[in-house]
Amino acid sequence: MKPFTTCVHAGAHVEPTTGAIMQPIFATSTYVQEEPAKHKGFDYSRADNPTRQAYEEALAAMEGARHGLSFASGLAAVQAAVQLLEPGARILVCDDVYGGTGRLFRRLFAKYNLDFQFVDMADPAAVKAAATPATKLVWVETPTNPMMKVIDIRAMAQVAKQTGALLVVDNTFASPIFQTPLALGADIVLHSTTKYIGGHSDLIGGALMMSRQDLFEQLKFVQFAAGSVPSPFDAYLMHRSLKTLGVRMMQHHKNGMAVAEFLASHKRVKRVMFPGLKSHPQHAIAAEQMLGFSGMVSFDLDGTYDDVVKFLKKLKVFALAESLGGVESLVNHPEKMTHASVPEEMRKKLGIGPSLIRLSCGIEDTDDLVADLKQAL
Ligand code: P1T
């Protein structure tokens, strides 16, 4: 099946007692057993829940994976993936990751004797040079948050293979509609389903997808043993959202493209970072490994921080808020908001400064988004 059909039908089973076309919400914590340990495949909802199972089946199908696991947040999924490692492991991390991912690595996991090395992964030679026999995990986010760097997933898979490390790709920005990292050599795909998959800014969630049976069993154990699972209600809503992911992504892409082109032509804009622009340094890789470019656009205003604040206050359609990937357009100031926890010297190196603005273009009419930016500029 093609992706739009998979969105609608994956994990959708007709309910046997009534014929209901929609998956019921099994709002239950536990299940009655006939005899001790003799049950219908469900014993406790932290371990398994039918609503969650149907949603996880759909998640797996979207990434072309054999297995999908859902978590209570994107960071809970990040945490579960890192819990595959033994103390002493070295992890190569893309230098430009979501601020919360970096914070979890630097401030929580580093004290468990895990060695996180932040590398510019837009330069595969730098990753190769940083890989050692102790490297157990290569952690990629592409496009990156917020600088929109594009990382060559195939090249990273090669480095990981040579070193015997696992490759995790955070596919949140592209969504499974525009990029399927497992097909390019990744071992595990991660999503903050809070973003495009949830799509309506009303849920927090995360997911891991993988095909390797051994990784599935280990991660399923982490999910069960650590217990960071979504509720049946959240699983139901996420699954419902997934059905429209394909059509939503087309409009996000259309709006992202139009907004990036408009900004690139405006005299008050210093530079625009969007993988769909020919001027993007990794446009060629983006065009090869992505089918579309989503609605995330970062740019530097040609002005001071005060000018930026004035601009943000003038916007009427774009709302100033953290997060992304919802139907409504959002604007974010990474330095003061989503990436405030990134060490200052790293922010400087990456270019996350006072004039940087990140847009999440929603699915509104393209003309209204461009007009809103135009009047504010
Ligand atoms: O917020 P949560 O669902 O826990 O997901 C964390 C996360 C993981 N990976 C990426 C690429 C992300 O962008 C995020 C969350 N990001 C934001 C809240 C943000 O505004 O960038």
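A polar contact is a pair of N or O atoms within 3.5 Å; within protein, one atom must be able to donate a hydrogen and the other to accept it, and residues adjacent in sequence count only if both atoms are side-chain atoms. By this rule, 22 residue pairs, both residues at pLDDT 80 or more, are in polar contact across the interface of domain 1 and domain 2.

The model is predicted: local features need pLDDT of at least 70, side-chain atom pairs count only at pLDDT 80 or more, and totals for chains, interfaces and linings use all residues. Residues are numbered from 1 along each chain as its sequence is written, and side-chain values use heavy atoms, with hydrogens and water left out.

Domain 1 and domain 2 bury about 3400 Å² between them, with 61% of it on carbon and sulfur atoms. In domain 1, Met 147, Phe 178 and Tyr 196 lose the most area to domain 2, together 25% of what that side buries.

Two salt bridges are counted between the domains, a salt bridge being a side-chain nitrogen of Lys or Arg within 4 Å of a carboxyl oxygen of Asp or Glu. The side chains of Lys 349 and Asp 95 form a salt bridge at 3.4 Å, N to O.

Definitions and conventions. Buried area = accessible area lost by both parts, 1.4 Å probe.
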